[in-house]
Amino acid sequence: MLTTKHFIPCRRLPNFVSNMSKPCDGAKTEWPELVGRTIKEAEEKIKADRPDLKVVIVPVGSVVTQEVDLNRVRVWVDTVAEVPKIG
């Protein structure tokens, strides 16, 4: 029987651990609960959780830069919400 608790630093937890959307310091970095929500809902939730971040809406398939920006969250969208029309 072990008498000491085993400690795994949060940065070494496996990908399937459900709390991986929060790093060690507790600041949220992912929002899996927003999949299927509207763009407005996603923006509002991200801004409520992390007002320090810039939310960028990106259509799926768009070409984006590969640099990491720790002040940006990209929201990838792939559906047409309204009928496209001239005007």
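Q: Thanks! How do the residues of the lining of the second largest pocket divide into nonpolar, polar and charged?
A: This is a predicted model, and in it that lining has six charged residues, five nonpolar and two polar.

Q: Which residues lie nearest the centre of the second largest pocket?
A: Those are Thr29, Asp69, Leu70, Arg72 and Val73, out of 13 residues that line the second largest pocket.

Q: And what volume does that pocket have?
A: About 310 Å³.

Q: OK, on to the largest pocket. What is its volume?
A: The largest pocket comes to about 470 Å³. It is lined by 19 residues, and the closest to its centre are Leu34, Arg37, Val75, Trp76 and Val77.

Q: Which elements give two or more residues to that lining?
A: They are α1, which covers 39–49, and β2, which covers 72–77. β2 gives the most, with five residues.

Q: What kinds of residues are in the lining of the largest pocket?
A: Twelve are nonpolar, four are charged and three are polar.

Q: Switching topic: which residues make up the largest nonpolar core?
A: There are eight: Trp31, Leu34, Ala42, Ile46, Leu53, Val55, Val73 and Val75. The elements giving two or more residues to this core are α1 and β2. As background, nonpolar side chains tend to be buried together in soluble globular proteins.

Q: Let's pick Val55. What is it in contact with, leaving aside neighbours within four places in sequence?
A: Val55 is in contact with Ile46, Val73 and Val75, and also with Glu43 and Lys47.

Definitions and conventions
Residues are numbered from 1 along each chain as its sequence is written. This is a predicted model: local features need pLDDT of at least 70, side-chain atom pairs count only at pLDDT 80 or more; totals for chains, interfaces and linings use all residues. Side-chain values use heavy atoms; hydrogens and water are left out. On a 1 Å grid over the protein atoms alone, a cavity is a set of points where a 1.4 Å probe fits but cannot get out, and a pocket is an open set with protein on both sides within 12 Å along at least five of seven lines; lining residues have an atom within 4 Å of a point. Grid points are joined across faces, edges and corners, and a volume is the space filled by probe spheres set on the points. Helices (H or I, at least four residues) and strands (E, at least two) are DSSP runs, numbered from the N terminus. Ala, Val, Leu, Ile, Met, Phe, Trp, Tyr, Cys and Pro count as nonpolar, Asp, Glu, Lys and Arg as charged, and the others, Gly among them, as polar. A nonpolar core is a set of buried Ala, Val, Leu, Ile, Met, Phe, Trp, Tyr and Cys residues joined through side-chain atoms within 4.5 Å. Buried means under 20% relative accessible area, exposed over 50%, partly exposed in between (1.4 Å probe, protein chains only). Contact means heavy atoms within 4.5 Å.
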